[in-house]
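Thanks for coming. Please look at the screen.

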Amino acid sequence: MHSPLHRALALAEHALFLTPPNPRVGCVITGADGAVLGEGHTQAVGGPHAEVMALRDAAARGHDVRGATVWVTLEPCAHHGRTPPCCDALVAAGVGRVVVTNIDPNPRVAGAGIARLRAAGVQVDVLPADDPLARAARALNIGFFSRMERGRPWVRLKIAASADGRTALPNGVSQWITSPEARQDGHRWRARACAVLTGVGTVLADDPRLDARGVDAPRQPHAVVLDSHLRTPPAARLFDVPHKVWIFTASTDAVRRAALEARGAEVISAPAAPDGRLVLDAVAAELARREVNEVHVEAGETLNGALLAAGLADELLLYLAPRLLGAGRGMAALGPYAALDEAPALVWHEATPVGPDLRLRADVAGR
Ligand code: AOF
Ligand code: ZN
């Protein structure tokens, strides 16, 4: 059955590039006859939430929302964050019922919004967690849920490869294995992330800009470089883009640090393991502390392998080209394993043609 929650979810999807680090939330208000009185979605961070946008929309259309039903894709907030609590706005407006897809995992909300609505006499219904709409609303904000529930971002590894999984020829040539259509699609995935992350090896080899281009996105993800020894060149192209640049390092070289800071980077000290590599768990925790929900990784096989081995890679976003390269670089430096069950397992959940290529998505199965 088509419920107003489907419309609310579609509104939330419209906010895909807009709201991070806030979750994308949609809200529809219906009258007794089911007619839509108002609707809206979360605005850019610091702006109004979905419920407030829907209440304003109803007011602008001249509708009375007393006794109305509110359909919203996340529990209305109960806290004073950058904006006042939505549950209070709904109570003040006199709505009769609120239907929510998911409880807000933010510990400052986490059921308190629902409790306050009920205490004010508003009927509140929450979908079961396995309802397809609840799942879809959660998936839309997978990074927000990850940050709130696990204290770390949702990490998506984007890899472009040949059909036999090669990301570059033995001589290093990798541009362009996949098509312009696949590359453009990849930019949409960059744009929805809070951060685009790579390793210094990729910066030195490819000089990527790490921005989202050709996407109608109102904000740019942060660019993050993992750079143990501060080898990022101050002339790197990623500095030419109007995004924040965060460089994680274990180096204490003040001269290099100053040169990068002069280019606008924030240099962040992180612990290193005895082998000199950054402790990835610490980097992930710091990214979450900085309100990073989704991390879009475009790195080489070393960092991809390290993230997978550390259990920090949650999802693969693969673009496979219709070409066989034979010898060449792989997707992720892992193993060698002696048994199949030692190797990370995946759960495929999407296969879509993009131009001449295939986009494949898989979750990394927890072990
Ligand atoms: C809602 N409706 O549309 C969204 C919510 O700093 P603030 O005031 O913007 O609050 C951000 C928090 O509000 C965020 O972490 C999440 O818990 C919740 N997001 N809540 O009622 C919305 N986007
Ligand atoms: Zn709110």
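I will go through a sheet, then the nonpolar cores, then some positions taken from a UniProt record. Bear in mind throughout that this is a predicted model.

Start with the sheet. It is open, has 5 strands with mixed pairing, and the order is β2-β1-β3-β4-β5. The edge positions are taken by β2, residues 36–41, and β5, residues 123–126. Each of these has a single partner strand, so one side of each is left without a neighbour in the sheet. From one strand to the next, the twist averages 15°.

At the β5 end, the pairing is with β4, residues 97–100. These two strands run parallel and are joined by 4 bridges. For V99, the bridge partner in β5 is D125.

What packs on this sheet? Helix α2, residues 50–60, does. The strands that α2 touches are β1 (26–30), β2 and β3 (69–72). The direction of α2 makes about 140° with that of β2.

Now the nonpolar cores. As background, nonpolar side chains in soluble globular proteins tend to be buried together. Here, the largest nonpolar core has 54 residues. Which of them touch the most other members? Those are L157, A195, V224, I247, V295 and L307. Take V224 as an example: setting aside residues up to four places away in sequence, V224 touches A195, V196, L197, W246 and F248. Another core, of 41 residues, lies apart from that one, and its members include L11, I29, L55 and A58.

Last, the record. An unreviewed UniProt entry places the feature "binding site" at A160, W176, T202, S228, G300, E301, T302, L303, N304, G305 and A306. These positions are spread over 147 residues of sequence, and they are spread in space too, with up to 28.3 Å between C-alpha atoms.

Is T202 buried or exposed? T202 is buried, because 20 other C-beta atoms lie within 10 Å, and 20 or more is the cut-off for that label. T202 sits in helix α8, residues 200–206. Beyond its neighbours within four places in sequence, T202 is in contact with P208, A299 and G300.

S228, by contrast, is in a loop, between β8 (222–226) and β9 (245–249). With 18 other C-beta atoms within 10 Å, S228 is partly exposed. Not counting residues up to four places away in sequence, S228 touches T249, A250, S251, A272, G276, R277 and L278.

That is everything I have.

Definitions and conventions
Residues numbered from 1 in each chain as written. Chains lettered and ligands numbered in written order. Predicted model: local features only at pLDDT ≥ 70, side-chain atom pairs only at ≥ 80, totals over all residues. Pairing = 2+ DSSP bridges. Axes fitted to C-alpha atoms, helices over the stretch in contact; angles between N-to-C directions. Contact = placed C-beta atoms within 7 Å. Core = buried A, V, L, I, M, F, W, Y, C linked by C-beta atoms within 7 Å. Buried ≥ 20, exposed ≤ 12 C-beta atoms within 10 Å, placed from the backbone. UniProt positions renumbered as here; feature names shortened; annotations may be inferred.
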